[in-house]
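Reader: I am new to this structure and would like to know what stands behind the words used for it. Please set each value against its definition.

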Amino acid sequence: MTSSPLLWALSLWMIATAVGSVVYWVRWFRAPHDQEWLPAGYVGHEKALVYPNAIMSLMLVTTAVMTIFERPNANNVGLVAAGMMGLLAIIDIAYLFEHDLFRGERGGRVNAAMVLALLALTCMLIAVPLS
């Protein structure tokens with residue numbers, strides 16, 4: 001088991017991100033999405049992202065466990081997870097900009113916080129060797 005505080009912190013960040021993703025989607029499916037400013041096709045677009053987010057979350061938890069237990073390929077799995085997160089964040093950023101969803105009255109701060117958090121963890125997984 002790793003004794004590195006940095007790797008423990010990064011592993012907990014990965015697990016928290018995975019749990020946060022699951023919580024986001026549970027809450028999202030329970031919300032009505034009836035705001036008049038939501039773009040046409042919003043629900044269909046978002047539903048398509050559930051599966052890649054689920055796989056990303058599984059990859060993050062797998063990477064965290066592999067890191068904690070010092071498995072040799074943790075870095076490789078982490079890079080795949082980082083690639084998924086980075087791509088999903090870029091898709092979100094493009095969609096949110098295209099539909100003016102970074103405006104404060106349209107949940108812009110929450111949207112910005114989510115994509116920035118994903119990009120920050122993406123950068124950490126690329127920058128910090130896990131194994």
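Author: The expected span of a helix is 1.5 Å times one less than its number of residues. The model shown here is predicted, and that rule can be applied to its helix H3.

Reader: Why is Val65 called partly exposed?

Author: Buried means under 20% relative accessible area and exposed means over 50%, with partly exposed in between. Val65 has a relative accessible area of 39%, so it is partly exposed. This residue lies in helix H3, which covers residues 50-68.

Reader: What patch does Val65 belong to?

Author: Val65 forms a nonpolar patch on the surface with Met1, Val61 and Phe69. Together the four have about 360 Å² of accessible area. A patch residue needs over 30% relative accessible area, and Val65, at 39%, is therefore past that cut-off.

Reader: Which residues of H3 are buried, and what covers them?

Author: The buried residues of H3 include Val50, Asn53, Met56, Ser57 and Leu60. Further along, Thr63, Ala64, Met66, Thr67 and Ile68 are buried too. Their cover includes helix H1 (5-30), helix H2 (42-48), helix H4 (74-98) and helix H5 (108-127).

Reader: Why is Ser21 called buried?

Author: The relative accessible area of Ser21 is 10%, and buried means under 20%, so Ser21 is buried. Ser21 has its place in helix H1.

Reader: Which residues is Ser21 in contact with, beyond its neighbours within four places in sequence?

Author: Ser21 is in contact with Asn53, Met56 and Ser57.

Reader: What makes up the protein as a whole?

Author: The protein has five helices and zero strands, and the order from the N terminus on is α-α-α-α-α. Its C-alpha trace spans about 50 × 25 × 20 Å along the principal axes. Of its 131 residues, 37% count as buried. The accessible surface comes to about 7,500 Å², and 68% of that belongs to carbon and sulfur atoms.

Reader: How far apart in sequence are the residues that meet in contacts?

Author: Among contacts between residues at least 6 apart in sequence, 70% join residues at least 24 apart.

Technical notes
Residues numbered from 1 in each chain as written. Predicted model: local features only at pLDDT ≥ 70, side-chain atom pairs only at ≥ 80, totals over all residues. Heavy atoms only, no water. Patch = residues over 30% accessible without salt bridge, like charges linked within 9 Å, V, L, I, M, F, W, Y side chains within 5 Å. Areas by Shrake-Rupley, 256 points an atom, 1.4 Å probe, with all protein chains shown as cover. Salt bridge = Lys/Arg side-chain N within 4 Å of Asp/Glu carboxyl O. Helix = DSSP H or I, 4+ residues; strand = E, 2+ residues; numbered from the N terminus. Buried < 20%, exposed > 50% of the residue type's maximum accessible area, 1.4 Å probe, protein only. Contact = heavy atoms within 4.5 Å.
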